[in-house]
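Biologist: Please show me the model, and then we can go through it with questions and answers.

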Amino acid sequence: MHAFTALLTRLGAKLSLYALFTAGTGLVLMTVMVAWGVFGRYVLNDTPIWVEAGSLFLMSWFILLGAAVGVRESDHLGFEVGLAMSPPPVRSALILIGEGLVCAFGLAMLVYGTQLAAGTWSDRMPIIGISRGWDYVPIAAGGALIALFALEKMLLFVTGEKQAPLGFGHFGSEQEV
């Protein structure tokens, strides 16, 4: 089990880094696109029609990939006060239940996002000319990463290799539970 969790942690670290880089790149590209749209509208008096659709497409990618990284880094919403005030056995159960629910939510995003993408793959977005299914791929990709990262955290907690961080007010440092 320890070898598997070590492999999962190495894989999770790389995937998290790639997701964060992709999300950051998408954010920068969206900012450039919106700036170009504003420049085109007010300076050139010719609004590029693809800017809104393209920036919304990029936004779904960087939001969902960033959310997955937030799950791995324990930067998502949680009930840390309840964990901190609970006795250790209850705290352990709450951590496992919470991560299990996050994992289930990620799997649901993966399954339903894939179904939505497959169901709309033959449609085309009129302004940017790509498949409408691409609108739903970020849901599936983000869900897969969320589920994987939550599973990693559960396995690390169960094996005792790393305690789940509280993540509350520590700006990147992890407080052990």
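Modeller: Of the 177 residues of the protein, 36% count as buried. Buried means under 20% relative accessible area, exposed over 50%, and partly exposed in between, with a 1.4 Å probe and protein chains only. This is a predicted model, where local features need pLDDT of at least 70 and side-chain atom pairs count only at pLDDT 80 or more, while totals for chains, interfaces and linings use all residues. Residues are numbered from 1 along each chain as its sequence is written, and side-chain values use heavy atoms, with hydrogens and water left out.

Biologist: Which pattern does the protein follow along the sequence?

Modeller: Helices (H or I, at least four residues) and strands (E, at least two) are DSSP runs, numbered from the N terminus. The protein has five helices and zero strands. Read along the sequence, the pattern is therefore α-α-α-α-α.

Biologist: What share of the contacts with a separation of 6 or more is between residues 24 or more positions apart?

Modeller: Contact means heavy atoms within 4.5 Å. Among contacts in the protein with a separation of 6 or more, the share from residues 24 or more positions apart is 67%.

Biologist: At what angle do the axes of helix 1 and helix 5 cross?

Modeller: Axes are lines fitted to C-alpha atoms, for helices over the stretch in contact, and angles run from 0 to 180 degrees between N-to-C directions. Helix 1 passes helix 5 (residues 137-159) in a left-handed crossing, meaning that the near helix is turned anticlockwise from the far one by less than a right angle; clockwise would be right-handed. The two axes come within 10 Å and cross at roughly 145°.

Biologist: Is Thr-5 buried or exposed?

Modeller: Thr-5 is found in helix 1. Leaving aside neighbours within four places in sequence, Thr-5 is in contact with Leu-155, Leu-156, Thr-159 and Glu-161. Its relative accessible area is 2%, so Thr-5 is buried.

Biologist: Is Asn-45 buried or exposed?

Modeller: Asn-45 lies in the loop between helix 1 and helix 2. Although Asn-45 is not a glycine, it has a positive phi of about 55°. Its relative accessible area is 71%, so Asn-45 is exposed.

Biologist: What distance separates the C-alpha atoms of Ser-131 and Ala-117?

Modeller: Ser-131 sits in the loop between helix 4 (88-120) and helix 5, and is buried, with a relative accessible area of 3%. Not counting residues up to four places away in sequence, Ser-131 touches Thr-120, Trp-121, Asp-123, Arg-124 and Met-125. Ala-117 is 14 residues from Ser-131 along the chain, and their C-alpha atoms are separated by 9.0 Å.

Biologist: Which element gives the largest share of the lining of the second largest pocket?

Modeller: The lining includes Val-34, Tyr-42, Ile-49 and Ser-55. The elements that give two or more residues to this lining are helix 1 (2-42) and helix 2 (50-72). The largest share, five residues, comes from helix 1.

Definitions and conventions
1 Å grid on protein atoms, 1.4 Å probe; cavity = no way out; pocket = protein on both sides within 12 Å on 5 of 7 lines; lining within 4 Å.
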